[in-house]
Structures are given as C-alpha cells and as structure tokens.
Amino acid sequence: MKRKVPIAIYFVIGQFIAFFLDGSISQALSGTLFKYPNSMVPCLTVLWLILAAFFGNVKKLHLYTWAAVIGFIFDMYYTGLLGVNVFIFPLVVYLCQTVYQILPPNFLSGFLVYFLGITVLVSLGYIANAFVGETDASVAQFLVNTLAPTLALNLVLLAIVYLPIETLYRTHKQ
C-alpha cells in the first residue's frame, strides 16, 4: 500500500527551495534585475507562503509561525535590517489569506490578491528602510523604479507556478 507524503513535508521543502531560489535568481540575473535605476526583486519565498495560504490548511501547516521564522531567516541571510520581515511576512500572508477567502477561488482572484500582497510587502520594506535611513529614494522613484518592476516580475512568476502548486495541494489534501 502506497503512503501519501503529508503536504507539510512538501510545504517545508518548497519553502526552503523558494528561499534559496530568491537569492540564486537575484545573483544569477543581477545584471538584468537590478539594472540602474530599476530593480526587480523576486519574492518566491512570499509567493510560496501566499500560495500555501490560498490552497493549504493554514492551521495544520502552522503558516503564520513559518512566515515569521522564514522572515527572520530572510532578514539574517539577505537583508541588513534584522526583524522587519519577521512582522511583514505573517502580515502579508494573513492579509492575502483573508482577502482570498472573500473572493471566488480562482486564478484571477489569486492574481489580484498576490498583487496586493506584493504591494504591501515591498511598500512596508521601503517604509522600514526609509525610517532607518537605508534609502534616500523618493516615493515617486520607489513606485516607478522598484514597486512597478517588482510587481511585473512577481506576477509573471505567479502565472508560471500557480497551477502546478494548486495541483500539488489539491492532490495532497489534508
């Protein structure tokens, strides 16, 4: 008899793959993604969390705890501002899950909710960096040179992985 692998195992493995892909893609494509004055930041770590909120059982996966833990690790590993993503990641996951539950569960709803999530994520990161003096970009520069390209990149990434991840969660229903 074939035993099903619990979705939590796939979630944890996928989370760490997404975490390391964030940095690997940024490094490998840095000449394209971070071409002055624009910057496109891949947010695969948050994409994985948000899709888990869309399709998985948030309580069984301990999603908010994972979001805080991976936010802390993300801060330690990728950013110089320790503690910001510990709060931003769970907030964005909660916001996206709450809004997604209100809408009909389909790709367009996911697309719009993910748009909102990435906007909140990147904007709160900008505000935190501005607060501690790590950025001197104006709000207009941020919107045009960082937020818009980041949204474009991440919405394309969502379009690529949405169906396969939905299928993964559907076939391994908790």
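How many positive and negative side chains does the protein have, and how far apart do the centres of the two sets lie? There are 8 positive side chains (Lys and Arg) and 5 negative ones (Asp and Glu), with His and the chain ends not counted. The centres of the two sets lie 26 Å apart, each charge being placed at NZ of Lys, CZ of Arg, CG of Asp or CD of Glu.

The model is predicted, so local features need pLDDT of at least 70 and side-chain atom pairs pLDDT 80 or more, while totals for chains, interfaces and linings use all residues. Residues are numbered from 1 along each chain as its sequence is written, and side-chain values use heavy atoms, without hydrogens and water.

Let us turn to the overall fold. The protein has eight helices and zero strands; helices (H or I, at least four residues) and strands (E, at least two) are DSSP runs, numbered from the N terminus. Along its principal axes, the C-alpha trace spans about 60 × 30 × 30 Å.

Next comes the interior. Of the 174 residues, 43% count as buried, meaning under 20% relative accessible area with a 1.4 Å probe, protein chains only. The largest nonpolar core has 49 residues, and Phe54 and Tyr169 touch the most other members. Such a core is a set of buried Ala, Val, Leu, Ile, Met, Phe, Trp, Tyr and Cys residues joined through side-chain atoms within 4.5 Å. Helix α3 gives the most to this core, with 11 residues. Beyond its neighbours within four places in sequence, Phe54 is in contact (heavy atoms within 4.5 Å) with Cys96, Tyr100, Gly110, Val113, Tyr114 and Tyr162.

Note on methods:
Buried < 20%, exposed > 50% of the residue type's maximum accessible area, 1.4 Å probe, protein only.
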